[in-house]
Amino acid sequence: MTLCAQNVRFEVRGRALLDDVSITLHPGEVLAVLGPNGAGKSTLLKVLAGELAPAGGRVTQNGVDIGHVPALVLAQNRAVMPQAAAMAFPFIVRDVVMLGRAPFRKISSRHIDRDLVEKAILLADIGHLADHAYPALSGGEKQRVHLARALVQLWGMPNNTTSQSARFLLLDEPTAGLDIGHQQGLLAIARREAEDHKTGVLMILHDFNQVSGYADRVVVLRQGKVVAQGPTDQVMRPDLLSDVFESPIRAIADPDGARDILVSSNAPVSR
Ligand SMILES: Nc1ncnc2c1ncn2[C@@H]1O[C@H](COP(=O)(O)OP(=O)(O)OP(=O)(O)O)[C@@H](O)[C@H]1O
């Protein structure tokens, strides 16, 4: 039971945006995708979500070629939080969150849907915004609405212990635009979903220390190719990151923390 890309190639007008990419997302793990701007991270997420069809290779969800999985079944087993900029909904916040329940319309009840929506609204800390017009929200507030929408989709049918399918949560730069408290809150929610519900969580992140702190494994993309993947402590090395990002990165000891902090070498340390 995995979400798996095998030797995936994706092209636009003859240019390969993804070239021979193979990754596997397992239930219960947090996998971070890291790489410079334009490396193909969002494209990979869309291919894994079934939104883009690869020109070569295969994407399988729970063992089935994703192109053969009916859209409704796909929506019942994976939730996507895309980059917020692309979205415009002329609804109030609670109704935007409720959109996440659409795949369960035939099997759920209003009562269940409302309970899950209220739970997600609390988790995403948007209770004070629930009756506001979505378009009037700030960028970070909109991000949190989409987190709640993705969560109610991911939660499916509560107490359904018969489902044989693993669930997956795909997050495209979920912390972008969030203040530091809400960034930590979102990352903690993602980790809990992986640990408590055995969800496979994939997150595109740019912050090295968020990757080190929250991911079990990391995939590094550059120019459409996987240049490194493995356990977080093996991949998040200053030499590897300096090479991939063409910018000097170094690790400094955190006297209060379990792991080193990764910083740009050019950053002033102290005055
Ligand atoms: N529909 C498209 N048509 C043409 N080129 C595209 C299209 N979508 C993406 N690209 C190009 O493919 C490359 C990869 O884009 P992608 O959005 O996947 O990168 P990314 O790694 O997510 O970048 P960022 O960190 O900036 O979000 C970029 O050079 C982008 O310009």
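Which helix gives the largest share of the shell around the ligand? Helix H1 (residues 41-49) does, with three residues.

**Figure 1. The predicted model and its confidence.** This is a predicted model, in which local features need pLDDT of at least 70, side-chain atom pairs count only at pLDDT 80 or more, and totals for chains, interfaces and linings use all residues. Residues are numbered from 1 along each chain as its sequence is written. The protein chain has a mean pLDDT of 93 (the predictor's confidence in each residue, from 0 to 100). In this chain, 94% of residues reach 70 or more. The ipTM is 0.97 and the pTM is 0.94.

**Figure 2. The shell around the ligand.** Val12, Leu17, Gly35, Asn37, Gly38, Ala39, Gly40, Lys41, Ser42 and Thr43 surround the ligand. Three shell residues are nonpolar, six are polar and one is charged. Ala, Val, Leu, Ile, Met, Phe, Trp, Tyr, Cys and Pro count as nonpolar, Asp, Glu, Lys and Arg as charged, and the others, Gly among them, as polar. Helices (H or I, at least four residues) and strands (E, at least two) are DSSP runs, numbered from the N terminus.

Figure 3. The protein chain divides into domain 1 (1-77 + 162-270) and domain 2 (85-156); the bounds come from an automatic or database domain assignment. Their C-alpha centres lie 24 Å apart. Across the boundary, 15 residues of domain 1 are in contact with 13 residues of domain 2. Contact requires C-beta atoms, placed from the backbone, within 7 Å. On the domain 1 side, helix H2 (71-77) and helix H6 (180-197) are the elements that give two or more residues. H6 gives the most, with five residues. By class, this side has seven nonpolar, five polar and three charged residues.

**Figure 4. The largest nonpolar core.** This core holds 72 residues. A nonpolar core is a set of buried Ala, Val, Leu, Ile, Met, Phe, Trp, Tyr and Cys residues joined through C-beta atoms within 7 Å. Ala32, Leu48, Ala148, Ala190 and Leu202 touch the most other members. Helix H5 gives the most to this core, with seven residues. Domain 1 and domain 2 both give residues, so the core lies between them. Leaving aside neighbours within four places in sequence, Ala190 is in contact with Val30, Leu169, Leu171, Val201, Met203 and Tyr214.

**Figure 5. Ala150 in helix H5.** Ala150 lies in H5 (residues 139-154). Ala150 is buried, because 25 other C-beta atoms lie within 10 Å. Buried means 20 or more such atoms within 10 Å, exposed 12 or fewer, and partly exposed in between, with C-beta atoms placed from the backbone. Beyond its neighbours within four places in sequence, Ala150 is in contact with Ala79, Val80, Met81, Gly100 and Leu169. The C-alpha atoms of Ala150 and Gly139, 11 residues apart along the chain, are separated by 17 Å.

**Figure 6. Two loop residues with positive phi.** Most residues other than glycine have a negative phi. Asn62 is not a glycine, yet has a positive phi of about 50 degrees. Asn62 sits in the loop between strand E4 (56-61) and strand E5 (64-65). Asn62 counts as partly exposed, with 19 C-beta neighbours inside 10 Å. Gln223, also not a glycine, has a positive phi of about 45 degrees. Its loop runs between strand E9 (217-222) and strand E10 (225-231). Gln223 counts as partly exposed, with 14 C-beta neighbours inside 10 Å.

Technical notes:
Two residues are in contact if their C-beta atoms, placed from the backbone, lie within 7 Å. A residue is near a molecule or strand if its C-beta atom, placed from the backbone, lies within 6 Å of it.
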